[in-house]
Amino acid sequence: MKIDGSCHCGALTFEAEIDPDGVSVCHCTDCQSMSGTAFRTVVRVSEEDFTMLSGRPKTYVKIAASGAEREMAFCENCGSQIYGTNAGEGPKVYGLRVGTIRQSRQLSPKRQIWNQSAQPWLSVLDSLPRIEQG
Ligand SMILES: [Zn+2]
Ligand SMILES: [Zn+2]
């Protein structure tokens with residue numbers, strides 16, 4: 001499936017060819033702190049299927065739980081996170097942040113990872129009052 005997206009301010013734009021079955025929710029604590037919210041929704045895409053169309057993301061390198069270095073890319077102007085990928089040499093696999101993808105409503109997650117650190121209150125969302133706008 002062909003997708004495209006951008007950061008909030010529009011400086012960074014990208015396109016990719018993704019497998020919609022590759023969408024995951026990640027409950028790891030790094031995703032919680034870096035996104036500032038309860039979990040992150042990600043779709044994996046390999047290097048040859050991902051293209052930055054405009055702008056150059058700023059990167060931050062973190063050490064993953066495995067000990068590997070992960071390069072986290074975001075817009076230095078508006079702060080939107082675009083992807084995380086393996087740092088250093090070798091073919092890259094990008095974890096695109098689904099909230100930046102224009103077709104995000106079609107990208108329903110197929111699995112949840114790092115469930116051990118999931119917020120315990122996620123299951124109550126379905127039972128909360130719903131207000132259509134802020
Ligand atoms: Zn931006
Ligand atoms: Zn995570």
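Predicted model: local features only at pLDDT ≥ 70, side-chain atom pairs only at ≥ 80, totals over all residues.
Residues are numbered from 1 along each chain as its sequence is written, and chains are lettered from A and ligands numbered from 1 in the order in which they are written. Local features need pLDDT of at least 70, side-chain atom pairs count only at pLDDT 80 or more, and totals for chains, interfaces and linings use all residues.

Strands here are DSSP runs of E with at least two residues, numbered from the N terminus, and two strands pair if DSSP finds at least two bridges between them. β1 (residues 2-6) pairs with β2 in the antiparallel sense over 5 bridges, and Lys 2 stands opposite Glu 17 in β2. β2 also pairs with β5 (residues 50-54), again antiparallel, over 4 bridges; here Thr 13 stands opposite Ser 54.

In a regular strand the side chains alternate between the two faces of the sheet. Along β2 (residues 13-17), Phe 14 and Ala 16 point to one face and are buried (20 or more other C-beta atoms within 10 Å of the residue's own, with C-beta atoms placed from the backbone).

An open sheet of 7 strands runs in the order β6-β7-β8-β9-β4-β3-β10, with mixed pairing. β6 and β10 (111-113) stand at the edges with a single partner strand each, so one side of each has no neighbour in the sheet. β3 (residues 23-26) and β10 pair in the parallel sense over 3 bridges, and Ser 24 stands opposite Arg 111 in β10.

Definitions and conventions: Buried ≥ 20, exposed ≤ 12 C-beta atoms within 10 Å, placed from the backbone.
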